[in-house]
Amino acid sequence: MQCGPASLAAVKAGETNMGYDVGFVFSEVNGDIVYWIVEEDGDMRIARVDTAGIGRLCATKAVGSGEMVDVKNLYKADEGSAKERSAVGKAACSGARAEYLETYYKSKKLEDDLKFKLLTERLTWVRVWLSTWRPGTR
């Protein structure tokens, strides 16, 4: 199969609005599998999201031999990292179901909003309870 052109930088960043085959390539290497519930009135809501089902391996044939070369790191950040999740959220929020997905992916941005810095070199135990509140939510 052949596809392209698709900018590697755009695929890695989730910039699926760049045209050509960027959206297709992104969905092949870094999409989430979203399971939907469709209500009787046609309204949709997310039942669950599988974030690791796509993009476990992205391989090509090595030049001059039949060996497999994993090129996944060229197309996506490490699975589950803040960069990878940000790219998936950006792509999902610019797609066909953006009105449904935007709430889900924007609520998952805690790692971008909250950072801790350990101010001591001694090993200590710290118990932290967090609750979040966003305007317009319960």
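Analyst: Tyrosine 20 counts as exposed, because its relative accessibility is 71% and the cut-off for exposed is over 50%. The model is a predicted one, and tyrosine 20 sits in the loop between H1 and H2.

User: How do you know whether arginine 56 is buried or exposed?

Analyst: Arginine 56 has a relative accessible area of 62%, and since exposed means over 50%, arginine 56 is therefore called exposed. Arginine 56 belongs to the loop between strand E2 (44-50) and strand E3 (59-61). From C-alpha to C-alpha, arginine 56 and glutamate 79 are 8.3 Å apart in space, although they are 23 residues apart in sequence.

User: What makes glycine 80 count as buried or exposed?

Analyst: The relative accessibility of glycine 80 is 51%, and the label requires a value over 50%, so glycine 80 counts as exposed. Glycine 80 lies in the loop between H3 and H4, and its C-alpha atom is 7.9 Å from that of threonine 51, a residue 29 positions apart from glycine 80 in sequence.

User: Why are H4 and H5 called roughly antiparallel?

Analyst: The axes of H4 and H5 cross at roughly 155 degrees and come within 9 Å; because angles over 145 count as roughly antiparallel, H4 and H5 are given that description. The crossing of the two helices is left-handed. On the H4 side the contact is made by Arg85, Val88, Gly89 and Ala92, and on the H5 side by Ala98, Leu101 and Tyr105. Sorted by class, these are five nonpolar, one polar and one charged residues.

User: What makes up the largest nonpolar core, and which residues have the most contacts inside it?

Analyst: The largest nonpolar core has 15 residues, and Val11, Phe26 and Tyr105 are those with the most contacts inside it. Two or more residues of this core come from each of helix H1 (8-13), helix H2 (22-30), helix H4 (82-92) and helix H5 (98-106). To belong to such a core, a residue of a nonpolar type must be buried and joined to others through side-chain atoms within 4.5 Å. Valine 11 touches Ala6, Val22, Val25, Phe26, Val29 and Tyr75, again leaving aside residues up to four places away in sequence. In soluble globular proteins, nonpolar side chains tend to be buried together.

User: What is the pattern of helices and strands along the chain, and how many of each are there?

Analyst: The chain has six helices and four strands, and along the sequence they follow the pattern α-α-β-β-β-β-α-α-α-α. Of the 138 residues in the chain, 20% are buried. Among contacts with a separation of 6 or more, 40% are between residues 24 or more positions apart.

Methods:
Residues are numbered from 1 along each chain as its sequence is written. This is a predicted model: local features need pLDDT of at least 70, side-chain atom pairs count only at pLDDT 80 or more; totals for chains, interfaces and linings use all residues. Side-chain values use heavy atoms; hydrogens and water are left out. Buried means under 20% relative accessible area, exposed over 50%, partly exposed in between (1.4 Å probe, protein chains only). Contact means heavy atoms within 4.5 Å. Axes are lines fitted to C-alpha atoms, for helices over the stretch in contact, and angles run from 0 to 180 degrees between N-to-C directions. Angles under 35 degrees count as roughly parallel, over 145 as roughly antiparallel, 65 to 115 as roughly perpendicular and the rest as oblique. A crossing is left-handed if the near helix is turned anticlockwise from the far one by less than a right angle, and right-handed if clockwise. Ala, Val, Leu, Ile, Met, Phe, Trp, Tyr, Cys and Pro count as nonpolar, Asp, Glu, Lys and Arg as charged, and the others, Gly among them, as polar.
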